[in-house]
4 protein chains.
Amino acid sequence: MATILSVSGSPSATSRTARLLRHLDTRLAAQGHEVIPLDVRTLPPQALLHADFGHPAIAEATAQFAAADGVVIGTPVYKAAYSGLLKSLLDLLPQYALTGKTVLPLATGGTTAHVLAIDYALRPVLASMGPTHITPGWFTLDKDISVGDDGALTLAPGAAEGLAQVTDQFSAALGGRPRALLAATG
Amino acid sequence: MATILSVSGSPSATSRTARLLRHLDTRLAAQGHEVIPLDVRTLPPQALLHADFGHPAIAEATAQFAAADGVVIGTPVYKAAYSGLLKSLLDLLPQYALTGKTVLPLATGGTTAHVLAIDYALRPVLASMGPTHITPGWFTLDKDISVGDDGALTLAPGAAEGLAQVTDQFSAALGGRPRALLAATG
Amino acid sequence: MATILSVSGSPSATSRTARLLRHLDTRLAAQGHEVIPLDVRTLPPQALLHADFGHPAIAEATAQFAAADGVVIGTPVYKAAYSGLLKSLLDLLPQYALTGKTVLPLATGGTTAHVLAIDYALRPVLASMGPTHITPGWFTLDKDISVGDDGALTLAPGAAEGLAQVTDQFSAALGGRPRALLAATG
Amino acid sequence: MATILSVSGSPSATSRTARLLRHLDTRLAAQGHEVIPLDVRTLPPQALLHADFGHPAIAEATAQFAAADGVVIGTPVYKAAYSGLLKSLLDLLPQYALTGKTVLPLATGGTTAHVLAIDYALRPVLASMGPTHITPGWFTLDKDISVGDDGALTLAPGAAEGLAQVTDQFSAALGGRPRALLAATG
């Protein structure tokens, strides 16, 4: 029903943040949305850090933001804030790149002491980019994310419930199919 | 008297932020400090963004932080916060890389509407890294920084005065020569 | 269409913030909403500051929050943040007093240097109280608000336009009558 | 050696925050400082909330700030930030009431999820008031503070150590007697 860009801002190749986003992508797709994953780590580092707006990969990412109705932004918490990798991409986007869009902010981290980084660090940056709606976010502890040998992701019950709730609120704000219907149709 | 690492976090090759820091470096050197400039833009982008702690250039920057008594951190304000480039470097440093150090936070930007980014965005990140002292910072408007054909930098009077004051407070916290003496000896 | 609580957090008896909110109340009422004004300054100071949850006036304010679909929060900026008066009331409300509600954050101040206080100071506090939606806010300069001898309020053109826009976004999020229709019907 | 104003911003009559500050006051006094306790809760609520700068009790508190070399600011964390009571007092002080002073920020709260409130909420407000130095702060969990039948306060070991360390850093910044000497002389 809506086009969603799902952005992982983790610099790690085996990132819990990225796996978590891909896991939520499945839920959003099942609710009728078209989900486009974007792993900032795959964009060219030199273009990201030297403000090379014209690089084709940067131009494509910019176009993906422009075309999206909703944007999921996921980041690990480092030094009490979002990753530099994520911010490098946001820095390259137009000042009001989120105008008219609905945004879901997510973070992962090693300690609950970093929970407020979503609202005090990430949300003000996103707010400066003009979104219509930043829906309630969620902070997931690293230890609540398990990855099996087959790459399948398992969440601790509390984390699973919290993430499902904020994902569904985000989906609903985008006009997604209600959960009840989803359950009925499988 | 002290060893100061002076870090510019601007992604631009013709950065006002970088020129401003080099300008202040001269003042700090005249007060008896050894000043080491570090332009994050010159570090390898791939190592910065993919968390390559072992890269020789990253290891050297990390050692420069470890050896410094004082650190000047300068950044342009993008999207209501510090640059992603600067944060990419901070992300690679040990969690308490600023332990025992004195830090001077500086920012540049196009509008006074971004002034609070120093205290609400940059300072909490620096505080999370364990410094003994973050001295009062200063926000300089882009239009108050002029660069002549010879590359010489001129500051508008108000900006010059404010920057001199915070630089001298930083220097004094590091045990720099007092201003009066400096004036007397030229 | 919706019930809106419009909260002024200014400690001043002749507050620009309060007058501004009452001005916007008229616009919201014209869009079909029921608007209930709440001037925190009229609540009993001792009950506010000594956590007297049981005081009838505090209980009534708490009930007004509970009954509202939307909440306008207006505050002057003092010391780079919202007023202590406003925070005193928020402190007395249940932790999730904004659950399910849509919130419009507004601030007034003497300098554009305080603009970011909405997103870095006020919004995180509101976000901690569980709202469904905090719509884009607006910062109004004191000098852009004029009060005539008859008490009528006049806004500078830029401020009037910005406030109208965020008010209408808030109204739309609450299911208010669209502007076009409003214009057509007067 | 220095005059320290020790300010508790808790609205509760049986506040852990206030007891904690009085406990640290003893340590600071033993290091040779004159410590003046100020419990914001004892100031007249009406004067605090209605900006009555001329009230004798407010004028006295303002003078105590002016006369202090160092200021300890302690607050419970409510709604992800400092208390409205504390902010009400700060709002009444001159804009640069902390000029030339050294400040120690402390917070108490029920969950580690509120740790960042010191650096993201309290510190920017304090920074706006012009202090020379805000030393590293400390967040103490409510459950780590026990009060015996005789009113004596006991801290959990980790909390005791952390608080001792930040208190001694604050004291040292004010020229307090070094810990080693203190230990030697009892």
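C:Leu155 is placed in strand S8 (residues 153-155) of chain C, strands being DSSP runs of E with at least two residues and helices DSSP runs of H or I with at least four, numbered from the N terminus. The structure is a predicted model, in which local features need pLDDT of at least 70 and side-chain atom pairs count only at pLDDT 80 or more, while totals for chains, interfaces and linings use all residues. Residues are numbered from 1 along each chain as its sequence is written, chains are lettered from A and ligands numbered from 1 in the order in which they are written, and side-chain values use heavy atoms, with hydrogens and water left out.

With a relative accessibility of 15%, C:Leu155 counts as buried, a term that stands for under 20% relative accessible area, with exposed meaning over 50% and partly exposed in between (1.4 Å probe, protein chains only). Apart from neighbours within four places in sequence, C:Leu155 is in contact with C:Leu20, C:His23, C:Asp144, C:Ile145, C:Ala160 and C:Leu163, contact meaning heavy atoms within 4.5 Å. Between C:Leu155 and C:Gly70, which are 85 residues apart in sequence, the C-alpha to C-alpha separation is 24 Å.

C:Leu163, one of the contacts of C:Leu155, is also one of the buried residues of H6(C), which are listed as C:Ala159, C:Gly162, C:Leu163, C:Ala164, C:Val166, C:Thr167, C:Asp168, C:Phe170 and C:Ser171. Helix H6 of chain C (residues 157-173) comprises 17 residues and spans 24 Å from its first C-alpha to its last, close to the 24 Å expected at 1.5 Å a residue, where the expected span is 1.5 Å times one less than the number of residues. Just after H6(C), a positive phi of about 85° is taken by C:Gly175.

C:Thr102, which lies in strand S4 (residues 102-109) of chain C, counts as buried at 8% relative accessibility. Its contacts, neighbours within four places in sequence being left aside, are C:Asp69, C:Gly70, C:Val71, C:His133, C:Thr135, C:Phe170, C:Ala173 and C:Leu174; among them, C:Phe170 belongs to the buried residues of H6(C).

In chain D, D:Ser8 is found in strand S1 (residues 3-8) and, at 0% relative accessibility, counts as buried. Beyond the neighbours within four places in sequence, D:Ser8 is in contact with D:Thr17, D:Ala18, D:Leu21, D:Arg22, D:Leu38, D:Asp39, D:Val40 and D:Gly74. The C-alpha atoms of D:Ser8 and D:Thr140 are separated by 14 Å, the two residues lying 132 residues apart along the chain.

Helix packing within a chain is illustrated by chain B, where the axes of H1 (residues 16-30) and H6 (residues 157-173) come within 11 Å and cross at roughly 55°. Axes here are lines fitted to C-alpha atoms, for helices over the stretch in contact, and angles run from 0 to 180 degrees between N-to-C directions. H1(B) and H6(B) are therefore oblique to each other, given that angles under 35 degrees count as roughly parallel, over 145 as roughly antiparallel, 65 to 115 as roughly perpendicular and the rest as oblique. On the side of H1(B) the contact is made by B:Leu20, B:Leu24, B:Arg27 and B:Leu28, and on the side of H6(B) by B:Leu163, B:Ala164, B:Thr167, B:Asp168, B:Phe170 and B:Ser171.

Helices also meet between chains. The axes of H5 (residues 117-127) of chain A and H5 (residues 117-127) of chain C come within 9 Å and cross at roughly 115°, which makes H5(A) roughly perpendicular to H5(C). In this pair, A:Asp119, A:Tyr120, A:Arg123, A:Pro124, A:Val125 and A:Ala127 meet C:Asp119, C:Tyr120, C:Arg123, C:Pro124, C:Val125 and C:Ala127. For H4 (residues 84-92) of chain C and H4 (residues 84-92) of chain D, the axes come within 7 Å and cross at roughly 175°, and the two helices are therefore roughly antiparallel. C:Gly84, C:Leu85, C:Lys87, C:Ser88 and C:Asp91 in H4(C) meet D:Gly84, D:Leu85, D:Lys87, D:Ser88 and D:Asp91 in H4(D).

Chain C is superposed on chain B with an RMSD of 0.0 Å by a turn of 180° and a shift of 0.0 Å along the axis, and the two copies are thus related as by a two-fold rotation axis. Such superpositions are by least squares on the C-alpha atoms of residues with pLDDT of at least 70 in both copies. The residue of chain C that comes closest to this axis is C:Ala113, at 2.3 Å (C-alpha). Because 100% of the interface residues of chain C are also interface residues in chain B, the copies meet through the same surface.
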